[in-house]
Amino acid sequence: MKHILMNILMGLLCVFVVAVSAAHAQNEQSKPSSPTQDWIKGIEDPNVGYRSWIQGISPPEPPLVEDTGIDATINALTAPVAGLVGRIVFFKIPVFGAELPLVVLWLVIGAIFFTVYLGFINLRGFKHAIELVRGDYANPNDAGEVSHFQALATAVSGTVGIGNIGGVAVAVTVGGAGATFWLIMAGFLGMSTKFVECTLGVKYRNENPDASVSGGPMYYLRRGFAERNMEGFGKFIGIFYAIGIFIGALGIGNMFQSNQAYVQLNNVAGGGLDGLGWLVGLIMAAVVFAVIIGGIKSIARVTEKIVPFMAVFYCLFALIVIIMNLPSIPAAIGNIFSGALTGEGVAGGALGALIIGFQRAVFSNEAGIGSASIAHSAVRTNEPITEGMVSLLEPFIDTIVICTITALVIGTSQVADPGFAGEAKGIAMTSAAFERQLSWFPIPLAFAAVLFAFSTMISWSYYGLKGWTYMFGESLQGQTAYKLLFCAFVALGCIVQLGPILDISDALVFLICVPNILGLYFLAPIVKQELNSYLARVQSGEIKKYKNV
């Protein structure tokens, strides 16, 4: 039955890809190319959906002629569905003049609960997480496919992206400087949620006959609820999660990323790539395929090199700009704390700044969505708690370090020159803050954005793959078919303009946090029991170091 369903789905998707590509190629001659692709959402309302809020993309210029291609037909058919799904998933309630998306509230309440329930593990476990990443406790004979560092790098590459550059600017613009304080607090709390879901990802993973592993929310939701005599419910939400992560991998983890990489390349080329989206897409798809065909080990070998380089490259130049704005640092930091308490000039006051900061953080580090636990599940360890500890570092790097540094670049620039950005918003605003001190920096910034998009694609390809194999089995032929399909969508992302479909993908990724957080509540006692046992064995010396530093 699984093979029949897989063949049907593959057939439908392949027909879709071929039809859209062919029709779009015929239609290209009748309409001008737009380097920004007119499906990209603007940021007039930063609460519209995932992409507009996270990425901070400026609204595109309106098309010069009406689009009558197949992508316009698909958009017209799917727009009502996308609108309905988006309104449900991102439903907002008014709170003292501010609007709070319920999905954000659901994620934040979970983060607070896990932080308190586990005795502030985000503080207690930080030092040990560093030791684990260094390999101090790494037993080469443990089951798994990648090291602690490689698993962390793969998960971080899936969350660190263009949003760390552009989305922070949106948060500061809409929520004021005070949003930065609450962004940091939300990142701190999110560390505990990551700990729970990544511990469970390893505990309930499948160890396959070929020594590969498969793990993630679909596995721990199904088995965890089965242990509580709720097997039917566990199977349902497991398959629901697998479908959501699979579709999300083709949308926000794929088509949108490749499109943004194309946009950045075209900007650097001064528009020289107009009309060549198909060529950029094919090259990008070939590079992605060369990495993902080798599985998680190949992906991890790339991410363990790209992620440190991206982080050091971006943070180094950000710190240079902050230091060049040295006289403005005290005022910028003061604005962060005063804005957090007063929310001056922000809708809803201090509460509005809190909501904006928390929203930016939970959408950035994805704590509670469960996607990162898929990558962490592949780690070489027989102790699930060890990877929970390592995962604490992910929101710390993504949100507390990189997002905060971006906010300080913007904040110090605003103090020194309040009108530095002009009408620029989102990623253009961040670029202007760098350009104010380093006139040539927009080019390397665009390069960094392309790297961010590429690393996100290869990580999300693995997330989608595990959703696929959960539904259709672990056959090599099926996995290869998925990888080819994924790369076809990479190419499509540079060619077609399917906004509503991407909106549905965005919404599904955040919808799956509902069953995930619910499962984490049910399984938290197991995590606490595992944690207490592990810490006791570390303290007694039963769990020993394999590397002395």
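Biologist: What counts as a cavity, and which residues count as lining one?

Modeller: A cavity is a set of grid points where a 1.4 Å probe fits but cannot get out. Lining residues have an atom within 4 Å of a point. Keep in mind that this is a predicted model.

Biologist: How many cavities of 30 Å³ or more does a search of the whole structure find?

Modeller: The general idea comes first. Rolling a probe the size of a water molecule over the atoms shows where empty space is left. Here the search finds five cavities of 30 Å³ or more. Take the second largest cavity, with about 60 Å³ of space.

Biologist: Which residues line the second largest cavity?

Modeller: The lining is made of L107, V108, A111, A186, L189, G190, T193, F358, V362, N365 and A367. The most comes from α9, with four residues.

Biologist: What is the lining of the second largest cavity like by class?

Modeller: Eight of its residues are nonpolar and three are polar. None is charged.

Biologist: Let me step back. How many helices and strands are in the protein?

Modeller: The protein has 23 helices and four strands. Of its 549 residues, 60% count as buried. Now look at contacts between residues at least 6 apart in sequence. Of these, 84% join residues at least 24 apart.

Biologist: How do I read a single helix for burial? Which residues of α10 are buried?

Modeller: Start from helix geometry. An α-helix has 3.6 residues a turn, so residues three or four places apart point the same way. Then check burial residue by residue, with a cut-off of under 20% relative accessible area. Helix α10 (residues 217-226) is mostly covered, with seven of its 10 residues buried. They are P217, M218, Y219, Y220, L221, G224 and F225.

Biologist: What does S373 touch?

Modeller: S373 sits in helix α16 (residues 371-376). Leaving out residues up to four places away in sequence, S373 touches E197, C198, G201, G216, P217 and Y220. Of these, P217 and Y220 are among the buried residues of α10. S373 counts as buried because its relative accessibility is 0%.

Biologist: Is S328 buried or exposed?

Modeller: S328 lies in the loop between α13 (295-324) and α14 (329-342). Its relative accessible area is 7%, so S328 is buried. S328 touches T412, V415 and A416, again leaving out residues up to four places away in sequence.

Biologist: Now the rings. How many aromatic pairs does a search of the whole structure find?

Modeller: The search finds 24 aromatic pairs. To read one, take the distance between ring centres and the angle between planes. For F246 and W468, the centres are 5.6 Å apart and the planes are at 45 degrees, so the pair is tilted. This pair links distant parts of the chain, with F246 in helix α11 (residues 231-268) and W468 in helix α20 (residues 442-472). The two residues are 222 residues apart. F246 is buried at 6% relative accessible area, and W468 is buried at 0%.

Biologist: Which residues do ring pairs link into a cluster?

Modeller: The cluster holds W106, F113, F114, Y117 and Y521.

Biologist: Last one. Where does helix α23 bend?

Modeller: A bend is read as the angle between axes fitted on either side of a residue. Helix α23 (residues 513-540) bends by about 50 degrees at L523. A proline, P525, follows within four residues. Just after α23, G541 takes a positive phi of about 95 degrees.

Terms used. Residues numbered from 1 in each chain as written. Predicted model: local features only at pLDDT ≥ 70, side-chain atom pairs only at ≥ 80, totals over all residues. Heavy atoms only, no water. 1 Å grid on protein atoms, 1.4 Å probe; cavity = no way out; pocket = protein on both sides within 12 Å on 5 of 7 lines; lining within 4 Å. Points joined across faces, edges and corners; volume = space filled by probe spheres on them. Nonpolar A, V, L, I, M, F, W, Y, C, P; charged D, E, K, R; others polar. Bend = angle between axes of the 7 residues up to and from the residue. Buried < 20%, exposed > 50% of the residue type's maximum accessible area, 1.4 Å probe, protein only. Contact = heavy atoms within 4.5 Å. Phe/Tyr/Trp six-rings, centres within 6.5 Å; stacked < 30°, edge-to-face > 60°.
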